[in-house]
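Please have the sequence and the structure open while reading.

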Amino acid sequence: METLGDGSGSEGESDKEREEEALEAAALLRDRLRLSVISIASSHAKTLGMTISEPVVACIADLAFKQAEQMGRDVELFAQHAGRKSVNTEDVILSAHRNEHFMGLLRNFAQELKEKEPCMEKKRKKKASKNENKVQEP
Amino acid sequence: MEENFDPDLIHAIFKLVWSRRSKKVEGNEAIDLEQAGPSTSKKSRATTANASALKVSCELLRLFVAEAIHRAALIAEAEGIDTIEPTHLERVLPQLLLDF
């Protein structure tokens with residue numbers, strides 16, 4: 001026998017299940033991120049010649065997770081604002097707009113990435129056309 | 001030279017955030033379009049990211065962690081201690097969060 005009450009009850013349960021699954025997934029990602037943060041943090045501290053206490057690393061790991069979540073929301077909004085469904089590097093660089101120094105660092109990083117990419121064909125074509133132009137200009 | 005985050009991990013976190021948002025949007029739409037027929041599918045709204053964007057995101061997060069440690073280390077050094085303690089992190093947290 002199905003009543004409206006039963007219907008809404010079963011929907012509520014599946015929502016709860018989904019929520020629990022999402023929470024579990026988030027916890028797993030949080031742990032993986034914490035491991036990465038621990039290794040990055042320890043290597044940085046070493047280069048500075050200092051040690052970090054555990055609570056500090058845990059705190060930074062939590063903050064990093066929250067930053068990553070916020071970044072995800074920001075870049076999604078930027079991409080949608082630009083009428084795109086796919087996030088590109090410019091969206092990510094924009095999300096660092098609060099600090100010009102970091103924005104510049106990211107721009108350089110993105111530029112280096114572009115140059116390292118296997119776009120050899122494009123480069124060859126560009127170089128070829130440039131050479132042609134040079135030859136034509138006596 | 002320096003270690004960095006795994007792009008796949010960052011991608012997974014992004015996907016989690018994006019699916020949360022699309023569920024919210026779907027929920028709101030279901031209320032609005034009850035009588036208008038089936039709402040647009042999730043797939044048409046699903047956000048994606050390209051590989052370089054993920055790498056740059058990893059770099060941004062790495063910068064965040066590095067900056068947090070650098071700033072806290074400066075405070076610790078000024079106090080003449082060689083271990084970064086929570087109090088040092090507390091001092092740098094406001095400006096750090098404003099910068100990111």
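## The contact between the chains

How many residues does the contact take from chain B and from chain A? Chain A gives 53 residues to the contact, and chain B gives 54 residues. The model is a predicted one, and the values in this report are computed from it.

Putting chain B and chain A together buries an area of about 5,000 Å² between them. Carbon and sulfur atoms give 72% of that buried area.

## Polar contacts and salt bridges

Between chain B and chain A, 15 residue pairs are in polar contact, counting pairs with both residues at pLDDT 80 or more. The rule for salt bridges finds two across this interface. Arg21(B) forms a salt bridge with Glu76(A), and the closest N and O atoms of this pair are 3.5 Å apart.

## The side of chain B that touches chain A

Which elements of chain B give two or more residues to the side that touches chain A? They are the helices α1, α2 (51-78) and α3 (86-99), together with the strands β1 (48-49) and β2 (83-84). The element that gives the most is α2(B), with 21 residues.

Sorted by class, the residues on this side of chain B are 31 nonpolar, 14 charged and nine polar.

## The largest pocket

The largest pocket holds about 280 Å³ of space. Two elements give two or more residues to its lining: α1 (4-48) of chain A and α1 (7-32) of chain B. The most comes from α1(A), with six residues.

From chain A, the lining takes Asp15(A), Arg18(A), Glu19(A), Glu21(A), Ala22(A) and Ala25(A). From chain B, the lining takes Leu16(B), Ser19(B), Arg20(B) and Lys23(B).

Conventions: Residues numbered from 1 in each chain as written. Chains lettered and ligands numbered in written order. Predicted model: local features only at pLDDT ≥ 70, side-chain atom pairs only at ≥ 80, totals over all residues. Heavy atoms only, no water. 1 Å grid on protein atoms, 1.4 Å probe; cavity = no way out; pocket = protein on both sides within 12 Å on 5 of 7 lines; lining within 4 Å. Points joined across faces, edges and corners; volume = space filled by probe spheres on them. Helix = DSSP H or I, 4+ residues; strand = E, 2+ residues; numbered from the N terminus. Contact = heavy atoms within 4.5 Å. Buried area = accessible area lost by both parts, 1.4 Å probe. Salt bridge = Lys/Arg side-chain N within 4 Å of Asp/Glu carboxyl O. Polar contact = N/O pair within 3.5 Å; in protein donor to acceptor, adjacent residues only side chain to side chain. Nonpolar A, V, L, I, M, F, W, Y, C, P; charged D, E, K, R; others polar.
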